[in-house]
Amino acid sequence: MSHLLRSTGFQHWRREVTAIGGCAAPIHLTGSSRIYDRATGTVLTEREGDILAPCGNRRASVCPACSDRYASDAYHLLRAGMAGGKGVPDTAAAHPRLFITLTAPSFGPVHSRRVTARGLVVPCRCGDKHHRDDPRIGTTLDPTTHDYVGAVLWQVHAGKLWNRFAIRLRRILAGMLGVKVREFRDHVRLSYAKVAEYQRRGLVHFHAVVRLDGPDGPTTAPPPGITVDGLNTAIREAARDVSLVVDRPDGTPLLVAWGTQVDIRPITSTTAAALEDDDGEITDSALAAYVAKYATKGTGKSEATDRPIRDIAHLRHLDITPHHRRLIETAWELGGREEYEDLNLRRWAHMLGFRGHFLTKSRNYSTTFGAIRGDRRSYRLGETLAALDTPTDARAVLVVNDWAVVQIGHRNDAEREIALGIAERRREQRRACHLDDRSTS
C-alpha cells in the first residue's frame, strides 16, 4: 500500500478512479476520442492514451460503485412511472396504480423467524427462536424430503409464469370493460415495472408496480370502468388462475404456479419519507427506492455465486449454506439432462436456476436505462463543450471514439482497497447531502 501511495503515477491513477466513482473492477482502455465540428471537420478537442471506464456491474457484491449508479438509474426509472417525469406526465400519478408481490410456493418447510406485534420472536418449527442474522433462516428443515427438483424447475420457469400472469390480467380487465381481448389495447394499456428479489430460501419473488393507462399510454387516462379496487380484484384472480405444467425427470408432472401469499398495496403520491403512511398506503418516492435496491442484490445467502460456475467441482470452494449448495447442484444436474437442454440450466446454476432479468418493464411504463445513460453522456459532453474556448452546441459536433480493452480489474489488492474507499466516501457524501435536503425541506 505504501509503495503505491509513493509511486509517481498515483495521483493520476487516483483522479481516474475518482472520475469513475471508485469502480472496483474498472476496464482499462487505450486509444483516442475526438470531437469534430460537423460543418468544418475541425478537431475541437481530443484525448489519447490510456483511460479507465466503469465495469457497469449491477451487483453490489461485485462493484459497490457501479451498483449504486445502477440503483440510482433504477430509482429514476421506477419513480418516473409512478410520479411522472422523464417523458411521463404528472397526470399518470392519478391513474389506478398498485404495488404487488407474487411469491413462490413451498417446496418443503424451512427455518423461519416470525415476530409478533408485541416484538416477541415466535419459535421456529425446529424449536429455536432464530435471531435476525441466523444463517439457518430460509434453509430446509429436512434436506431428505425437500423438493429441490421442483424448486429449481419452478425457478427456471418463473419468467414464463409472469408472462402468463400479465396475459391473463389483460383478459380479465377486458372482461371488466366488456370489450374483446383483441380490442383491449384500443381502450387500456397495462403498464408495469417488476423487480425479482431472492428470498432467503433461494427462490425469487416479484415486486411490481402495476399501472393502468389510456390507449396512448401514460399521456391518456384509462376509461372510468376500472378502478383501483377493480384492478386489485383482477390481479388476485389472475395470480390464482395462471399456471403451467412441466415434466420432472421421472416423467411426473409439476404444476408451476404462484404461492398463496399475494400482497397488493395502494400507492399514494405524497412525499413522506416513510415507506407506508398511517393508512398502510405506500408513497411513490420511498417505494421507488425500496424496489430499486433489489435490482442490485445477488442471491442472498448465495452471494458468492454471483459469477457463473464453469465446473461443479468449484462449488466446494464457495462459502454458502448446504441448502443453497444443494440448489446449485440440482440445477447443474438437471442442466446435464437432454430433456432440459433448452433451459440452459448449467449457465444459470449460479443463480439457482433463475434466468430472467432482475428488472423488467413494459414499453410504456416510463423511460429506459438506455435513455437515462444517454442523458448522462449528453450532460458530460455539454460540460466538455462548455469548457472550450469557443463553446459549441452539442448538435453541431461529432464524437468519434476508438478505444480497445487492455485489461479488466485493478492491478493489485491495494488499488482495489483504495477504490472501495473512494466509493464509500462518495456514498457517505451523497447520504449527507440527502439528509441536509430533508432537514431544510
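Helices and strands here are DSSP runs, numbered from the N terminus. With that settled, let's start at a loop. Leu352 sits between helix H8, residues 322–335, and strand E12, residues 359–361. Keep in mind that this is a predicted model.

What is the phi of Leu352? It is near 60 degrees, a positive value in a residue other than glycine. Leu352 is also buried, with a relative accessible area of 1%.

Now a second residue with positive phi. Lys86 has a phi near 55 degrees, and it too is a residue other than glycine. Lys86 lies in the loop between helix H3, residues 64–83, and strand E3. Is Lys86 buried or partly exposed? Lys86 is partly exposed, at 44% relative accessible area.

Take the two faces in turn. On one side are Arg97, Phe99 and Thr101, all buried. On the other are Leu98, Ile100 and Leu102, also all buried. So both faces of E3 are covered, because each of these residues falls under 20% relative accessible area.

Which strands does E3 pair with? One is E7, residues 204–213, joined to E3 by six bridges. The two run antiparallel. Within E7, Ala208 is the bridge partner of Ile100. Another is E10, residues 262–268, with five bridges to E3. That pairing is antiparallel as well. Here Phe99 stands opposite Arg265.

How many cavities of 30 Å³ or more turn up in a search of the whole structure? The search finds one. The largest cavity has a volume of about 40 Å³. Its lining consists of Phe107, Gly108, His146, Ala151, Arg201, Leu203 and His323. By class, that lining has three nonpolar, three polar and one charged residues.

Last, confidence. The chain averages a pLDDT of 88, and 90% of the residues score at least 70. Where does pLDDT stay under 50? One such stretch is residues 271–278, for which the model has 17 contacts beyond four places in sequence. Another is residues 299–304, with 16 contacts beyond four places in sequence. Where pLDDT is low, the predicted coordinates should not be read in detail.

To recap. E3 is buried on both faces, with antiparallel bridges to E7 and to E10. Leu352 has positive phi and is buried. Lys86 has positive phi and is partly exposed.

Conventions: Residues numbered from 1 in each chain as written. Predicted model: local features only at pLDDT ≥ 70, side-chain atom pairs only at ≥ 80, totals over all residues. Heavy atoms only, no water. pLDDT = per-residue confidence, 0-100. Contact = heavy atoms within 4.5 Å. Buried < 20%, exposed > 50% of the residue type's maximum accessible area, 1.4 Å probe, protein only. Helix = DSSP H or I, 4+ residues; strand = E, 2+ residues; numbered from the N terminus. Pairing = 2+ DSSP bridges. 1 Å grid on protein atoms, 1.4 Å probe; cavity = no way out; pocket = protein on both sides within 12 Å on 5 of 7 lines; lining within 4 Å. Points joined across faces, edges and corners; volume = space filled by probe spheres on them. Nonpolar A, V, L, I, M, F, W, Y, C, P; charged D, E, K, R; others polar.
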